[in-house]
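Hello,

Here is the structure I said I would hand over. My notes on it follow below.

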Amino acid sequence: MVDGASFVLPYDHGLVSGLAQRGWRVTLFASRTRYNGEFLDALRAEPGTEVRVFDISGTVAPRWRGVWNYVRLWAEVWRRRREFDAVNLQFSILWPLEWLMAWALDRRFVFTLHNATPHGFEGVRHRPTAALLARVNRVICPSRATLAEVLQRYGPLPRATALPLGLMPVAPGEVPRPYGPMPAPQALVFWGNVMPYKGVDLLLALAQDPAWRARGLPLEVHGAFAPDLRSLRDQLQAAGVTVVDRFLSADEQRALFARPVVFVLPYTRATQSGALYTLLHQGCRMLCTDTGDLGDFCRRHGLAHLLMAERSPAATMAALDRLLQTPDAGAFNAAQQACAWVQTLAEADTAYGLRKS
């Protein structure tokens, strides 16, 4: 497993440990980062797993050193290639080198494509992505929505499959928090990195909407804002929205998730959302826009009433009313159980083209 960027180590941990529990020996080649190092530490202690760490992430190394260390990472993969039945690239960060390795490793190379095109890309086909797809043997997408979009944009890929995301705890080893009766919500909250595609401007529209203000339900945003969205942050604060513009520590996240609030995922476009599976692990209730895996998840688990018909204050209020009228602890608990990694990786052997000896 190769993830040079290592900005989603909770996902790497869930995937690698889940595969190890299915009986595979897994070596994760990753980067040291400023955040979430405890997930790498947990994998080091887990039977059947090995962790090889390089300084690649921009949070711990300048760009030139990160590129050099990424080359070193792949050099080690190549030296040890006979140990591996499959080499799975998680995120493409230097596609000419990755294309070369895909050519050299041939049938053993598996590419996980998390998004059909990079965020903000306006074209139909992203050329570096298309080049890798034309070279690799197998493609894995982390949601059915991503797989459908990939096939629509790049054409038939006979060995492309979906392996959905699983639950993502705040810290390794935490057990899921079951859903219980729903208390009266104290706020509507967005949690996560604030990026343009995540649609946090909807909370500004809510703050300015007379019907929402009449409800008296506070609005909150918890997460680091992208530099180009700082004006939105200032507008939200001026409109009375509570804004915490930084990464939350693990203890701060737990405290937030334990509060009687409703979360909102107002994404304008989403193939899949790690935040959704963290909220699900924490027993939190949420409203979602009907896009990508958010819509597919809600329909698949009998929670379609949580979907907003559109990104508007009226649609948000309608979805909130439906949630309050139908709290559905049973449906949430069933969704939580179905999204355990042991369940989501049920088709992993086929996806990787591997057979246990």
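Thr-33 is buried, at a relative accessible area of 15%; buried means under 20% relative accessible area, exposed over 50%, and partly exposed in between, with a 1.4 Å probe and protein chains only. The model is a predicted one, in which local features need pLDDT of at least 70 and side-chain atom pairs count only at pLDDT 80 or more, while totals for chains, interfaces and linings use all residues. Residues are numbered from 1 along each chain as its sequence is written, and side-chain values use heavy atoms, with hydrogens and water left out.

Thr-33 sits in the loop between strand E2 (26-31) and helix H2 (37-44). Helices (H or I, at least four residues) and strands (E, at least two) are DSSP runs, numbered from the N terminus. Leaving aside residues up to four places away in sequence, Thr-33 touches Ala-5, Ser-6, Leu-9, Ser-57, Thr-59 and Val-60, where contact means heavy atoms within 4.5 Å. Its side chain also reaches the backbone oxygen of Tyr-35 at 2.4 Å.

Next, a helix pair. Helix H11 (residues 274-281) and helix H12 (residues 292-300) pack at an angle of about 35°, and their axes are 10 Å apart. Axes are lines fitted to C-alpha atoms, for helices over the stretch in contact, and angles run from 0 to 180 degrees between N-to-C directions. On the H11 side the contact is made by Leu-276, Tyr-277 and Leu-280, and on the H12 side by Asp-293, Leu-294, Phe-297 and Arg-300.

The buried residues of H12 are Asp-293, Leu-294, Gly-295, Asp-296, Phe-297 and Cys-298. They pack against helix H6 (144-154), strand E11 (262-265), H11, E12, strand E13 (307-308) and H14. Just after H12, Gly-302 has a positive phi of about 70°.

In helix H14 (residues 329-338), the buried residues are Ala-331, Phe-332, Asn-333, Ala-335 and Gln-336. Their cover includes H11, strand E12 (285-289), H12 and helix H13 (313-325).

Last, the cysteines. How many disulfides does the structure hold? It holds zero, a disulfide being a pair of cysteine sulfur atoms within 2.5 Å. For Cys-284, the nearest cysteine sulfur is that of Cys-288, 12 Å away. Cys-284 counts as buried because its relative accessibility is 3%. For Cys-298, the nearest cysteine sulfur is also that of Cys-288, at 4.1 Å. Cys-298 has a relative accessibility of 1%, so it counts as buried.

Regards

Methods
Polar contact = N/O pair within 3.5 Å; in protein donor to acceptor, adjacent residues only side chain to side chain.
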